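Visitor: I would like to learn how to read a protein model feature by feature. Where do we begin?

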Amino acid sequence: MSDAWDKRSSGGGSGGGGGDRIPRKGGSDDRFAHGGSYHHGNHGSSRYDDDRRAGSTSGGYGGYDDREGGGREGGGWGGNGGSTGRSSSWSNARNDGYGGSYGGPSRPHSSSSSSWGGDRRKDSRAYHRQDHYDYRQQERWSSRNDGPSGTGREFKRPKTEATSTAVVSSTNGGRRVVSSTSTSYAASSSARVSDSRTGAIADGDAAQPAQERIKPLEELVTKDTWNECSWDERIASQHPDFGDYLRPGQKIETILTTCPFGSLRDGSKGDVWFAKKVRAADAAFEKALSDAEPDEIDNLPVSREDVKKFFDALPYNVTFLIGFDVLGVNAKDERHCLCPCSSKCAKWRRQFGIERILEDFGNKEACVNTFKSSGPYALMQHLNQKAGQRIGLHYFVLCYVRELYGPPYCGRVGHKGLYPPSSAEYKKAEAYERKKDIQARNKLEKELEEERKAKRVLEEEAEKLQERFRNLEMVSKDQAERLKAEEENARRLGIDTEELKKLNIDLDQEKISFYHENYRDIFDALKWAIESGSKGTGGTVDFPDVPQNFKVEELFENYFEKKHFLFKPTDHKNENVGGKILRDWNIKFDTSGVSKLKKVKKEIQAIDKGGPSREFMHLVWQRFTKLKITAEGNDGEEKVLKLLYRESTGYAFFQKDEAIVDFLEKLPACNREKVKKKICAYYQAIGRMYLHAFAIDMKIPTTAFPPFFRNVLLRNLSPGDEAYPNPEVFRDVKLMGFDMNVNDIIGRSCNVFFCDGDEELITEETFYTVFLEKWFIESRRDALDNVRLGLTLDNKIRVPGVFRAMPTKALEQIAFATEGLELDHVLQFLLPKYCKAVRVWKENKKGELKPVDEPVEPWLLEQQKSFFEVTLPNVLKKQYYDERGDEEAYSKKIRRWEDFLSRFVQYCTGSPFLCHPDIKTRDDMIKIEFSASEMSGDCLPEAHTCVKTLKLPHFVYDNNADALLSKLRKAFDHGGFGQA
């Protein structure tokens, strides 16, 4: 006696079905047994008939035989009504399907019996092995009285209290219904519904909407929706061995495992290859009709429009040429070609509305059983045989295949499938494909190696990130404590945090444009007033022989010794010092040490249109804090005084008076006055450089002129003034790094902090008017007074009158630049200048060579546009986000203006600063110029900072992002005026 299989149920009550298969000893056959007596239901019994494979149960259902190698399948479902008085039987005989009668005279809710039956297809066994209840979609359910036929819906019957599980499966319409019944027809609360298309299972009626979610593939994939569908959806909608539905996320390779979808050549699923197929169809249509005789065309059973429709549909047939597009790694891979006129491609013909064309041509074009899946050459033989000497559908397909895969598909020959295997052309094509396959394999191995390297890099980065996160946990605690202290300080001083947020809101475009226009008008008027009637007015001011990599302290020392106008009094009799401060400067860098990697034009050295000046001023601001005074001390050693120092926040602070006094006391008494005058002259020169930047509308980095000192020097304001409200003061001192606890200050005397004998107690009011005044202003009075003299040209112009007329935020947006550039900010300033013509030398009628401008090829112009719109932004974006990945390192870079965006802007314009987007003009834009005449070969990008232009070769490095990045980095490192 052989083993039988008992499929046990998890359901309770009177019988059940479903569960795990476990071997059961005993019985004369291997079969699936479903029924009360085989399960833990306690009211049922089952029996099996070895001849008919039928069964009946009491309160449950029988099973079916699914023996490997056996010839019978079947099962029984039925039984006596039990508590509800129902009797029914359901029997199957051999492989004929599921049928019989279901119902009986004792059924309480119906006076008639019903039969459920169906004809099982010959290949249904495979579906039993895949899913015991997911039968083929071609199966039909029919009902006489009480069941809708083929609807795949649950029958609405009165509920009972029974909760045992039974399975009713309908796959017509792509849906399987699993309902719960006991001894009545009612669906219980434990009913489960499974959608065979989506795999979704839900309880009861909750799953009903799933029926409308997924469309049949032939409705989903059409010519109109083709571009919106995935490749898997396209192939599934046409493949003869696939059903009507594709589950979301399901891959075709996992279902049709015998098809070589994984061996398709690169690009065979892409848009480029599809476009080539469309062109081939158009060319084949013209060739097929042009080669035919006029009477042949007239005798066609269809119109010319129908023929064109057939050709237009051929590129959309993704199944019939699979054998041509595979790599051929396995011998059977190429045996997947179909004839578009065969029944295998019926779905495709219905999909594109050409099913009637085959009928119109008649039986001679039909090939229902004459051609099955085979290799490329077998398809070609079939097409040639069917085409014969007459024009028809097979001839049309033959023209299309020859056009698509003909020469130069494989070098000088076509695809090997077009030729007999023993021919010379076949061997040439095979050798060409083998060579291509080797290249593809090498490329794949290279990509795999790169992926391994990338994986190792990612693992290393992940380790670094974990270390950073561990450090950030400590930093975040410190930050939280600092924020808490700031909030406590604000609360103690009566500062509303909402007011602080409003201070950071930019002005709108209309307002900022209005203030900027007034700002420019005022300084233009000042220039005219200062220069009117003075000597040496007009033009630019030369700064000759500025070292390429100058040190700001050496530059100041040199100009001071030479009595440069930066250090002369404004009332000099023979020189208009004020006019030179306000006019444009012509910076002449000593370019003898400039790398040959960057071309420096002679005219740029002779006439400065802004580029070198911007570069010069940026380098001054960048090295501002290195300014120092040196002198011999009383002990004979050199003493050093730094005129500015940088706090941890990055802001530059003027030196305190006590440090200056201490420095002077270390010098011989006879030398102190001279050194003190030099200190004052340096500070005045700093003020004059500030004024020059304002006059020519050049940005100053906010770290070189902190917001608090701007209000003190530019607007002549102090804490406590009505025009300088307390919330703004609080924000400005916080930005500069003031982090003292206010509770430790208020209530104590000034003498504790300043040792000045002032015993007045500090209150919330005097914190601003007294404490901050002494802490930031009185403590560095010498430096501030001399910087103010430089700013006002020895009090000849009223700078505070200019800047008090505009809000602090307007001044910040117009005249100052914050650290670091945002990606969107930079992209707004890029302007393309495409190369539309190439200058070539041609002989004229006299035989003389003359330059002639010829338009560039359209594809080259498109390549330039693609470079500007895609490649360049992507390179900038990648570098920006890569640097932002490490915020600690990024913050250090932006303080030194060494981040990639800042270096890019500086290379193009001479300065890493950009004006506010709302006040930009065309002159502020960075022009990306593509040149054929000036840029040739594999040269580096060339910058013309005076006109803010970056020149690139017209072929733009073949739009290779890596090549562009490499070129830019080399240019940055070796080609800047002050960037040695």
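**Reading the model**

Guide: Begin with two helices: the axes of helix H30 (residues 858–884) and helix H33 (residues 961–974) come within 10 Å and cross at roughly 65 degrees. This is a predicted model, where local features need pLDDT of at least 70, side-chain atom pairs count only at pLDDT 80 or more, and totals for chains, interfaces and linings use all residues. Residues are numbered from 1 along each chain as its sequence is written, and side-chain values use heavy atoms, with hydrogens and water left out.

Visitor: How are helices and axes defined here?

Guide: Helices (H or I, at least four residues) and strands (E, at least two) are DSSP runs, numbered from the N terminus. Axes are lines fitted to C-alpha atoms, for helices over the stretch in contact, and angles run from 0 to 180 degrees between N-to-C directions.

Visitor: In which hand does H30 pass H33?

Guide: A crossing is left-handed if the near helix is turned anticlockwise from the far one by less than a right angle, and right-handed if clockwise. H30 passes H33 in a right-handed crossing.

Visitor: Which residues meet between H30 and H33?

Guide: Contact means heavy atoms within 4.5 Å. From H30, Phe867, Thr871, Leu872, Val875 and Gln879 meet Ala961, Leu964, Leu965 and Arg969 of H33.

Visitor: At what angle do H20 and H21 pack?

Guide: The angle is about 145 degrees, and the axes of H20 and H21 are 10 Å apart. H20 passes H21 in a right-handed crossing. On the H20 side are Ile660, Phe663, Leu664 and Glu665; they meet Arg672, Val675, Lys676, Ile679 and Tyr683 in H21.

Visitor: Which residues of helix H26 are buried?

Guide: Buried means under 20% relative accessible area, exposed over 50%, partly exposed in between (1.4 Å probe, protein chains only). In H26 (residues 781–791), the buried residues are Ala783, Leu784, Asn786, Val787, Arg788, Gly790 and Leu791. They pack against strand E17 (652–654) and helices H20 (657–665), H21 (669–695), H22 (707–713), H25 (766–777) and H27 (799–803). Just after H26, leucine 793 has a positive phi of about 50 degrees.

Visitor: Now strands. How do I read side-chain direction?

Guide: In a regular strand the side chains alternate between the two faces of the sheet. Take strand E15 (residues 638–642): Lys639 and Leu641 point to one face and are buried.

Visitor: How many bridges join E14 to E15?

Guide: Two strands pair if DSSP finds at least two bridges between them. Five bridges join E14 (residues 628–632) to E15, and the strands run antiparallel. Alanine 631 stands opposite lysine 639. E14 and E15 form a hairpin with five residues between them, and glycine 636 in the turn has a positive phi of about 85 degrees.

Visitor: What about strands E21 and E22?

Guide: Seven bridges join E21 (residues 837–843) to E22 (residues 849–855), again antiparallel. Alanine 837 has proline 855 in E22 as its bridge partner. E21 and E22 form a hairpin with five residues between them; glycine 847 in the turn has a positive phi of about 85 degrees.

Visitor: How many aromatic pairs does the structure hold?

Guide: Rings of Phe, Tyr and Trp (its six-membered ring) pair if their centres lie within 6.5 Å; planes under 30 degrees apart count as stacked, over 60 as edge-to-face and the rest as tilted. The structure holds 61 aromatic pairs. One of them, phenylalanine 550 with phenylalanine 616, is tilted: 5.6 Å centre to centre, 40 degrees between the planes. The two are 66 residues apart, with phenylalanine 550 in the loop between strand E12 (541–546) and helix H16 (552–561) and phenylalanine 616 in helix H19 (residues 611–622). Both are buried.

Visitor: How are phenylalanine 694 and phenylalanine 816 arranged?

Guide: They form an edge-to-face pair, 6.1 Å centre to centre, with 70 degrees between the planes. Phenylalanine 694 lies in H21 and phenylalanine 816 in strand E19 (residues 816–817), 122 residues apart. Phenylalanine 816 counts as buried because its relative accessibility is 5%.

Visitor: Which residue lies over the face of phenylalanine 816?

Guide: A charge sits over a ring if NZ of Lys or CZ of Arg is within 6 Å of the ring centre and within 35 degrees of the ring normal. Here arginine 710 lies over the face of phenylalanine 816, at 3.9 Å from the ring centre.
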